[in-house]
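Thanks for coming. Please keep the picture in view while I talk.

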Amino acid sequence: MNQPPRMHNPAVILPDTMKALWALKASVENKGVADATLILIELRASQINGCGVCVDMHAKIGKQHGETDERLFAVAAWREAPYFSDAERAALALTEALTRISDRPEPVSDAVWAQAARHYSDTALSALIVAIANINVWNRLNVAVRQPVGSWKI
């Protein structure tokens, strides 16, 4: 079902929005979360949200940063795959919880939170939460306008 885009991406139409989203992304860099983990959480949230352009983009970015095919292909099934560290698993669990906030009465369970807090300092955990929120914003913008896959330069 490859449909034409409804309009240009709102972040392109509103340049200040684009600047703000890129600034938000930059604000989490070098704050205690590995770049590889940030790529994985961006890919996982995008899979959940059905954002084809972001799934395509973040898989390609992962490859550019040395991610293996095994890890990229297994992100959707990270619980069953042996390729992820405990810290990455905690980040992916938090990503799923924060992306699916309406799926359960307590969106982020104490168990999910405790696992993430076990692996990340308050600064890193803050960066992780902001990164998850940011990719969810991008997913929603892209899905709303039917942003075509492959249309973004990386």
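In which hand does α2 pass α8, left or right? The crossing is left-handed. A crossing is called left-handed if the near helix is turned anticlockwise from the far one by less than a right angle, and right-handed if clockwise.

Before the rest, a word on where this comes from. This is a predicted model, in which local features need pLDDT of at least 70 and side-chain atom pairs count only at pLDDT 80 or more, while totals for chains, interfaces and linings use all residues. Residues are numbered from 1 along each chain as its sequence is written, and side-chain values use heavy atoms, with hydrogens and water left out.

The helix names also need a rule. Helices (H or I, at least four residues) and strands (E, at least two) are DSSP runs, numbered from the N terminus.

Back to the first pair. The axes of α2 and α8 come within 9 Å and cross at roughly 150 degrees. That makes α2 roughly antiparallel to α8. The cut-offs are these: angles under 35 degrees count as roughly parallel, over 145 as roughly antiparallel, 65 to 115 as roughly perpendicular, and the rest as oblique. The axes are lines fitted to C-alpha atoms, for helices over the stretch in contact, and the angles run from 0 to 180 degrees between N-to-C directions.

Which residues meet here? From α2 there are M18, L21, W22, L24 and K25, and from α8 there are V130, N134, V137, W138 and L141. Contact means heavy atoms within 4.5 Å. Sorted by class, the contact of α2 with α8 has eight nonpolar residues, one polar and one charged. For the classes, Ala, Val, Leu, Ile, Met, Phe, Trp, Tyr, Cys and Pro count as nonpolar, Asp, Glu, Lys and Arg as charged, and the others, Gly among them, as polar.

The next pair is α3 and α8. Their axes come within 9 Å and cross at roughly 40 degrees, so α3 and α8 are oblique to each other. This crossing is right-handed. On the α3 side the contact uses L38, I41, E42, A45, S46 and N49, and on the α8 side L128, A131, I132, I135, N136, N139, R140 and V143. Those residues divide into eight nonpolar, four polar and two charged.

Helix α6 covers residues 86-99 and helix α7 covers residues 110-119; they pack at an angle of about 140 degrees, with their axes 9 Å apart. They are therefore oblique to each other. α6 passes α7 in a left-handed crossing. The residues that make the contact are D86, A87, A90, A93, L94 and A97 of α6, with V112, Q115, A116 and H119 of α7. By class that is seven nonpolar, two polar and one charged.

One residue of that contact deserves a stop. Is A90 buried or exposed? A90 counts as buried, because its relative accessibility is 2%. Buried means under 20% relative accessible area, exposed over 50%, and partly exposed in between (1.4 Å probe, protein chains only). Leaving aside its neighbours within four places in sequence, A90 touches Q115, A116 and H119.

Now the core. A nonpolar core is a set of buried Ala, Val, Leu, Ile, Met, Phe, Trp, Tyr and Cys residues joined through side-chain atoms within 4.5 Å. The largest one has 26 residues, and V33, I41, F84, L92, L94, Y120 and L128 touch the most other members. Two or more residues each come from α3 (35-49), α5 (69-74), α6, α7 and α8 (122-145). The biggest share is from α8, with six residues. Apart from this core lies another, of 10 residues, among them A45, C51, V53 and W138.

Last, the loop between α2 and α3. N30 is found there, and its phi is near 60 degrees, a positive value in a residue other than glycine. N30 counts as exposed because its relative accessibility is 72%. K31 is in the loop between α2 and α3 as well, and at 36% relative accessibility K31 counts as partly exposed. What does K31 contact, leaving aside its neighbours within four places in sequence? The partners are T123, A124 and A127. K31 and L125 are 94 residues apart in sequence, yet 8.8 Å apart in space, C-alpha to C-alpha.
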